[in-house]
Amino acid sequence: MAASVSSACDGCSVGRAASLVQLGVQLDRWDFLVALAGNPNTGKSTVFNALTGLRQHTGNWPGKTVARAEGGYRHAGKRIKLIDLPGTYSLNAGSADEEVARDFILFGRPDVTVVVVDATRLERNLNLANQILEITDRVVICLNLMDEAKRRGIGVDVVKLSQLLGVPVVPTVARRGEGIPELLDAIHGLAAGDIKPSPYRIDRYSPELEVAVQRLSRGIETVFAELSNSRWVALRLLAGDGSITTAVRTGEIGTLRENGTQHPGSNASVPFRVSDRSRSDELLALAEELRWTLNPDFEDSLTESSYATAQSVAQASTLRGLRRTGFDLDRSLDRMLTSRWLGFPIMLVILSAVFWLTIAGANIPSGAIAALLLDMGHPALKGLAAGIGMPWWVSGILIDGVYLATAWVVAVMLPPMAIFFPLFTLLEDFGYLPRVAFNLDKLFQKAGAHGKQALTMCMGFGCNAAGVVSARVIDSPRERLIAIITNNFSLCNGRWPTQILIASIFIGALAPAHIAGLVSAAAVVSVAVTGIGAMLLASWALSRTVLRGEATTFSLELPPYRPPRILRTLYTSLIDRTGIVLWRAIMFAAPAGAVIWLLANLHVGALSIAELMISWLHPFGLLLGLNGVILLAYVVAIPANEIVIPTVLMLTVLTLKLGGVGAGSGVMFELESTSATSDLLRAGGWTLLTGINLMLFSLLHNPCSTTLYTIYRETRSAKWTTLSAALPLVMGFTVCFLIAQIWRIAAGW
Amino acid sequence: MGRSRNCTLDNYLGQILILGRANSCSIGPLPTGSHKAIWGDPTSDRLLFCLTYFGVLMVDPILALTAFTTVVVFLVVLFWPRHGLASRIGRLLRMTERVRMEDALKHLFDGEYTGKTCSVESLAGALEMSRARAARLVNQLEAMELIHSDGRGLPLTNAGREYALRLLRTHRLWERYLADRTNVKPLDWHDQAERQEHALAPAETEELAARIGHPLYDPHGDPIPTATGEMPPQSGVPLTALTPGQSGAVVHLEDEPREVFQKILDAGLVPLMRVQVIDMTPETIRFTADGETLELEPVAATNVTVVPLPHGEVGDGPFDNLTSLRSGESATVVQIAPTCQGLHRRRLLDLGFVPGTLVTAELEGTLRDPVAYRVRGALIALRKQQAEWIYIDRSDLAVQS
């Protein structure tokens, strides 16, 4: 065993820790490329942050909707680029995550692969470590969560484990930065070639498989002499692995040898000769021939032997007879949070608290931003424009259109999201959200969906675009699509103001004044609940029709409870979620503002385009119990539900040709008092039916363009994007139409 | 425009649009403010107000509902799966001359493989066409040198055999793909593969093979011909050929006709399962599979091919499965049910449910489904259906608890 592990003295670790410079995203060239692999819930991202700092490049793997994070650091004079691989249980390439991780370790040619292993669940985690050791020699095992292991009375003999695996093993508590200097040294040692690993390779297969592997790996070694993992390549060929077969055929597999100095793109690979080509074809033919001699389910036995090895290694290196030093909260917490009687009440209380905090907390900043940007900023800008003699139509498009729409979206959207997303992420980090999925799974299962859809649904109450992105937590392709397509049935925070306003004007007004508020609140909540019903119904219908044939697998791990990391949570939820969603919304709202202004101010003959369109849309609107103004508002306000009501009011004033109300044609506005709004709408011919149907239509219509764009990015399919737009729209039209007709029959029209 | 008008709405029953008679609409005092003319023309001006603000432009609700119902019925008739007009027309359009020819080749190859003699009559029967038409098809195939009729049967030429093997390869690869990578029901595998075998080009077939890991067998247990057209000979006997007490391993389930295949599926049979015949009567054959007693009519049982096991070797089971564990109880995994295939199987294995693993039922959950099991240190929630797939042994329970 050449692996020298944690041999470093503690004295110098301080100096080494000081030599770590977290580079975050400033990384255009690097000396070593390091991949970070591990099971889900092993604290892999904590290790990542401990090495690179909070800032990171996030994006997708090319051609996949699998998140990719990159960061960098400088250590001992070398710049190191760190790639965070998706957390997986295995590398069997059965899911997109596994494929990404496997292909990067194999073809991305990292100088070192760090496998983050949960010290409390050694056996399970070593299964993945074993599979990685089959592929590459240069592995560092980062034995994380040592503090948790200690609390649970689990001890690991690090030296023994390192001897058994043949690679460096570094115990860490990444959350507190313990062991990080040693980890840095081990990475550096391996990358620079100072440490020579001799990794453990599984050598126990069934006799028939062993014969086939030996024959084939001998063949591989004669063609590709430098390969260090010929047995693994032989196994993959016998399993019919598509990408390995291709790599053998093209000879690419021969360039993957590990000589310690290679970097992507920098290696001058030996040209693959034509004579080699025919030899690799012979190899593939041999593999094909051998495959028929194997048991059809021999791949099952591979997983079995991988786990069996993991088990024996884990048992040999686990220290026994330790005492638990902490009280095991997990089990009692789980019993309470998922209990038959308390499970649902606790869930309702927690989720209501989150929503209440969001709504109550967002009011003040929302008002402040509106006062600043709308009440003060808009007139100031208009004044400025007039002052510099800007033509009226330029200031109209830019200030009344683009600026106003953008400011509106920011004022309504930003504060709730900035409160909701961090709260939600804290619950997620703590480990409560998987329990919610667990509690609700049966309900969603009946609708053909995944319990985790409950989480994407909750996220959708904040913002549908964020809800669509969060569907990545669902790893089964069909259920993920269902969650994406039906997310729009969650009443997002851009639609709540519409609901509340219309409910208080048309429904609250029916009740006596002292309970009017309660009645309208009940109306809004029942619309939201109707939305949940519509989501379950649509999920059920989708899973039995268009999505019937999509692949489906269920898995749900309930990770141990862990104290959330506040800073990281704030960072990821504010930058990654809120920031990106808001930016996209602004990008879509800005041009929409210009369009709205132009529609109201460009004239064809005596009429503005808006009036013309309203008169075309009006018959159809009436058929649905709505009107032309509402339909046009929903057409032009596709970018953001937030600007529907301001647009409706502006258009109503425009068609009524009212003087003294509003701020001019094409300028969106809201009225100070609900009663003034009520008067205006009733003057526009609105009735109780219009109010009810608008509330339903606000729930059941196409997603905003930000969400549609996000759906397209997540599914990469025009088909599913179209379906996501058409499904709620058709439902909305149908429901409004039926209600209008029945209403009219009942009222004797 | 400022004058006051009384609004009495005429009752236009049965009319969809009443634009033409808009003059009879009069307008009452408008609620607020002064209104300017929107249309220049006074008639249209009055019209728009009628239309916009007082909902005159309205359709009789009963008529609207009738029209709506008609449209819905029409759409259902048009797009109903399998039996709708759209799918019927689609099937007709796909049934081209080439497809008929390819189907004929497959029929002839099947006859050759199973040792049955094919004739123009059998071809007409298999392809559901008239004898004269089948004869014409045979002539065409002969002209293309895919078969050479020698008076006895319709033997394939080498070119014809290669062609048929390519079709068969695509068909079985596609079935494997559906079984492993999608959630398409077993009953629908065959029909979809029938369509794809005519649609995929050879290069696409090879791409598919690479993508799903160059499988050797289709989900019915049949070998898939290799790209070079090799395929091992068929082995095994019908289930009905076993004697009571004898055991066999299922190697093939015939998927045609659909109704019979449905019965086999309902019985829960899958390839690789071990069965043991209990007794046989002309009406029914009783046997055990994975420890459960099953019954099949002989017509269905002949469509199940088994390889007889040496005497003395019997099937396994019966097994308990994970759902029988009460909260807090433990057991070891024996195997994952053969009925659990493809992605489901892969996932369960990856989660650590491999034979020999100790599993403890830990949390029952609010609605008792799913249940969370402690396996190799992690708490994994499994749905009832998944838990049923995991066979367990509770015999060494005393040791564990």
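## Overview of chain B

Chain B contains 14 helices and 12 strands. The model is predicted. Chain B has 401 residues, and 36% of them count as buried. Among contacts in chain B with a separation of 6 or more, 60% are between residues 24 or more positions apart.

## The six-stranded sheet of chain B

Six strands of chain B make an open sheet, ordered 1-6-2-3-4-5, with antiparallel pairing. Strand 1 (237-238) and strand 5 (292-296) of chain B are the edge strands, and each of them pairs on one side only.

Strand 2 (residues 247-253) of chain B has six buried residues out of seven, so this strand is largely enclosed by the rest of the structure. Strand 2 of chain B is joined to strand 6 (residues 304-308) of chain B by five bridges, and the two run antiparallel. Within this pairing, Val250(B) has Val306(B) of strand 6 as its bridge partner. Strand 2 of chain B also pairs with strand 3 (residues 274-280) of chain B, in the antiparallel sense and over three bridges. Here Ser247(B) is placed opposite Gln276(B) of strand 3.

Strand 3 of chain B runs antiparallel to strand 4 (residues 285-289) of chain B, and five bridges join them. In this pair, Asp279(B) stands opposite Arg286(B), a residue of strand 4.

Strand 4 of chain B in turn pairs with strand 5 of chain B over five bridges, in the antiparallel sense. Thr293(B) in strand 5 is the bridge partner of Thr288(B). Strands 4 and 5 of chain B form a hairpin with two residues between the strands, and Asp290(B) in this hairpin takes a positive phi near 50°.

## Where the two chains meet

How many residues of chain B are in contact with chain A? The contact involves 60 residues of chain B and 69 residues of chain A. On the chain B side, helix 1 (42-54), helix 2 (61-79), helix 9 (202-211), helix 12 and strand 11 (378-382) each supply at least two residues. Helix 12 of chain B gives the largest share of that side, with six residues. By type, the residues of chain B that touch chain A comprise 34 nonpolar, 17 polar and nine charged.

Strand pairing also links the chains. Strand 11 (residues 556-557) of chain A and strand 11 of chain B run antiparallel and are joined by two bridges. In strand 11 of chain B, Ala381(B) is the bridge partner of Leu556(A).

## Helices 12 and 4 of chain A

Helix 12 (residues 298-317) of chain A has 20 residues and reaches 29 Å from its first C-alpha to its last, close to the 28 Å expected at 1.5 Å a residue. Its buried residues include Leu302(A), Tyr307(A), Gln311(A) and Val313(A). The buried residues of this helix pack against several elements of chain A, including helix 4 (122-135), helix 6 (158-165) and helix 9 (230-238), and also against helix 12 (342-350) of chain B.

Helix 4 of chain A has 14 residues, which should span 20 Å at 1.5 Å a residue; its end C-alpha atoms are 20 Å apart, so the two values agree. This helix is mostly covered, with 12 of its 14 residues buried. Among the buried residues are Leu126(A), Ala129(A) and Ile132(A), and also Arg124(A) and Glu134(A).

## The nonpolar cores

The largest nonpolar core has 223 residues, and those with the most contacts inside it are Leu36(A), Val115(A), Val140(A), Ile141(A) and Cys142(A). Helix 15 (residues 392-430) of chain A gives the most to this core, contributing 19 residues. A second, separate core has 21 residues, including Val250(B), Val260(B), Leu296(B) and Val304(B).

Which residues does Ile141(A) touch, not counting residues up to four places away in sequence? They are Val115(A), Val117(A), Ala129(A), Leu165(A), Val167(A), Pro168(A) and Val169(A). One of these, Ala129(A), is also a buried residue of helix 4 of chain A.

## A loop residue in chain B

Leu367(B) lies in the loop between strand 9 (358-363) and strand 10 (371-375) of chain B. This residue counts as partly exposed because it has 17 C-beta neighbours inside 10 Å, and 20 or more would be needed for it to be buried. Leu367(B) and Gly111(B) are 256 residues apart along the chain, and their C-alpha atoms are separated by 54 Å.

Notes:
Residues numbered from 1 in each chain as written. Chains lettered and ligands numbered in written order. Predicted model: local features only at pLDDT ≥ 70, side-chain atom pairs only at ≥ 80, totals over all residues. Helix = DSSP H or I, 4+ residues; strand = E, 2+ residues; numbered from the N terminus. Expected span 1.5 Å × (residues − 1). Contact = placed C-beta atoms within 7 Å. Pairing = 2+ DSSP bridges. Nonpolar A, V, L, I, M, F, W, Y, C, P; charged D, E, K, R; others polar. Core = buried A, V, L, I, M, F, W, Y, C linked by C-beta atoms within 7 Å.
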